[in-house]
Amino acid sequence: MSKQFLSRLFRELQQIQAKAGQLQQQIDRLQTQLRQISRDYQIATAERDQYRGRLEAMESSKFWQIRTQWLQIRQKLGGKESPVWAPELPSIEQIELEIAKGIPQETPYDRWRNANSPRPADLERMGQMAEILPAKPLISVLMPVYNTPESYLRLAIDSVLAQVYPHWELCIADDASIEPQVRSILEEYAAIDRRIKITFRPENGHISACSNSALELATGEFIALLDHDDLLSPDALFEIALLLNRYPKADIIYSDEDKIDEQGQFSEPYFKPDWSPDSFLSRMYTCHLGAYRRSIVSQIGGFRIGYEGSQDYDLVLRLSEKTQNIFHIPKILYHWRSHSQSTAQSAAAKPYAYDASDRALAEALERRGEPGKLLPIEGSPGNYIVRYQIKEHDLVSVIVPTKDKADLLNRCLTSIFEKTTYPNYEVILVDHNSVEPETAALIQKWQAQFDRFQCHRLEIPFNYSKLNNFAVQQAKGKYLLFLNNDIEVITPNWMTAMVEQAQRRSIGAVGALLLYPDDTIQHAGVVLGICAYSGHSHKHFSATASGYLNQVIGITNYSAVTGACLMCKRENFEAIGGFDENLAVSFNDIDLCLKLMKQGLHNVYLPHVKLYHYESQSRGHDDTPEKRDRFLQEAEYMMQRWQKWMTCDPHYNPNLTIDRQDYSIRTN
């Protein structure tokens with residue numbers, strides 16, 4: 001071939017590459033527009049659900065039912081046929097006018113409360129059930145008091161008197177209040193009900209000492225904690241007693257909660273996961289209502305002086321080191337008072353509380369033999385990132401399955417070798433039937449450049465599980481890091497942070513924060529049972545979002561993390577039989593995580609490990625009938641194998657949506 005011909009061919013190739021780049025930019029713009037349309041659709045759906053909820057509430061109201069019955073009776077009695085009656089729904093203009101006037105609008109949580117709060121008939125049945133429970137544990141409600149406003153104090157005590165479960169005692173310790181009405185109110189209530197016990201401390205000692213004084217009054221098998229200005233729901237103690245009848249070995253019990261403002265409006269529900277120990281090290285999420293076996297509380301010395309403001313956090317940290325019998329009731333049983341002097345409204349109200357939580361957490365790490373550094377999360381007081389000391393920098397085997405897409409693979413490998421600061425790793429490439437010469441040339445380049453890079457070819461029909469299991473056989477590392485070829489490393493200490501967690505005895509799979517190229521979230525943990533089968537926590541949220549109750553910015557336990565970036569200890573991987581090769585494409589990473597969780601290990605998401613994920617650019621999407629059939633077969637396999645967790649994720653909450661990935665309140 002002549003030089004002229006080769007030159008022309010080269011120019012044409014450059015033109016084709018330029019056009020391909022332009023097309024890729026158009027595709028990226030279209031994908032961004034599609035995600036925006038998806039977000040707009042979700043907002044529109046939420047608005048539709050809001051109006052549908054209002055209509056359903058009106059149709060289910062007593063007025064509607066009585067009106068309908070009246071029309072039927074009138075017709076039977078021979079009255080003239082009446083026109084069909086329907087309520088007048090407010091116009092958008094009317095709603096906007098009401099908002100401008102400050103008239104409260106019904107919120108999704110208002111609708112949830114209307115649908116889920118116990119009705120008088122429900123409470124009556126609970127009271128009847130309470131009398132026939134096989135076990136009727138005495139529950140001692142501890143209430144430390146200091147200068148409480150009269151209305152709040154009366155409402156708090158009244159909420160205990162209103163309990164449908166009668167087997168309680170209210171143990172009140174007054175911390176030398178100087179407001180004269182406090183003593184008279186307490187003595188008044190003690191005279192009303194003999195289950196109310198009071199003690200008056202001679203001098204102020206702050207909340208830990210005062211709580212211990214209340215604890216000294218307690219004789220119940222369990223204690224429950226109530227702040228002097230908060231409220232218990234009327235079914236709170238019944239639900240605790242009911243759980244203890246089902247699980248008599250329970251030692252720690254906590255419920256969901258919300259806030260109540262000075263006007264008596266309920267808001268900000270906190271729908272919590274089941275026990276998630278690493279989430280708990282990031283933030284005190286169990287909070288209210290907390291109930292604890294009194295014998296263990298006494299064994300550890302009760303509330304510690306010097307931890308005021310975080311005395312409950314310190315207590316549960318120490319209690320959870322004595323027992324694993326920790327249970328969660330996914331119901332709103334506690335209303336946290338929000339006013340100008342409460343931490344419910346402002347973190348600045350009690351800044352000393354965060355100093356106490358710093359010390360409580362640091363001491364917990366030392367007690368547990370897992371020393372590390374606490375990094376407070378900027379702008380989120382009381383939230384932390386725990387960075388553990390690495391005992392040994394053992395070998396990490398990074399396993400990357402690939403097929404062609406040389407540019408994609410080169411970006412992935414370049415980011416690993418140029419950015420990774422962890423000193424001891426190898427990269428094992430599994431070449432699955434690549435045919436493009438550019439791929440072969442790229443592999444040769446990396447093999448010549450790094451001794452720690454190796455490539456093994458496996459010519460089989462695509463099976464992600466088989467590819468990775470094959471690679472593990474070639475790997476020498478103590479830790480296995482499974483990585484997609486469409487990943488790009490962002491944070492240089494990513495591998496170090498993952499090893500910090502994977503080395504711990506309690507940890508199964510370790511995952512990361514994966515971002516789309518437009519800096520929105522692709523993955524921040526997997527939630528089971530949503531969006532038909534599973535979904536990604538906070539998908540399409542901004543990379544700077546805090547997430548539902550700070551889950552995005554804090555280390556969080558999930559039932560699963562994505563196999564696009566997943567680390568685990570080799571011995572744990574081999575103990576559970578590796579990836580299930582019956583799951584060739586989908587759910588194999590989730591199945592792996594659930595097998596680890598079944599062994600009592602915890603899977604964890606790390607917000608400080610950030611990578612870009614150019615999702616599905618290598619294998620493509622499930623957009624053919626054959627791929628869809630395969631997906632449904634694998635989904636059915638998972639549902640049969642893991643039905644309990646796939647239908648009720650223990651690290652999610654049944655009161656949250658199953659239709660979206662945004663942690664909104666469930667409406668159906």
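The legends below describe close-up views of a predicted model. Local features need pLDDT of at least 70, side-chain atom pairs count only at pLDDT 80 or more, and totals for chains, interfaces and linings use all residues. Residues are numbered from 1 along each chain as its sequence is written, and side-chain values use heavy atoms, with hydrogens and water left out.

**View 1. Helices H12 and H13.** The axes of H12 (residues 311–319) and H13 (residues 352–367) come within 9 Å and cross at roughly 10°. H12 is therefore roughly parallel to H13 (angles under 35 degrees count as such). Helices are DSSP runs of H or I with at least four residues, and strands are runs of E with at least two, numbered from the N terminus. Tyr313, Asp314, Leu317 and Arg318 in H12 meet Ser357, Ala360, Leu361, Ala364 and Arg367 in H13 (contact means heavy atoms within 4.5 Å).

**View 2. The buried side of helix H7.** In H7 (residues 180–192), Val182, Ile185, Leu186 and Tyr189 are buried (under 20% relative accessible area, with exposed meaning over 50%; 1.4 Å probe, protein chains only). These residues lie on the same side of H7 because they cover an arc of only 95° around the axis. The face turned away from that side carries the exposed residues Pro180 and Ala191. The cover over the buried residues of H7 includes strand S1 (139–145) and helix H6 (150–161).

View 3. Most residues other than glycine have a negative phi, and most peptide bonds are trans. The peptide bond from His288 to Leu289 is cis, with omega near -15°. His538, which is not a glycine, has a positive phi of about 60°. His538 is found in the loop between strands S20 (534–536) and S21 (556–557).

Terms used:
Axes fitted to C-alpha atoms, helices over the stretch in contact; angles between N-to-C directions. Parallel < 35°, antiparallel > 145°, perpendicular 65-115°, else oblique. Arc of directions from axis to C-beta.
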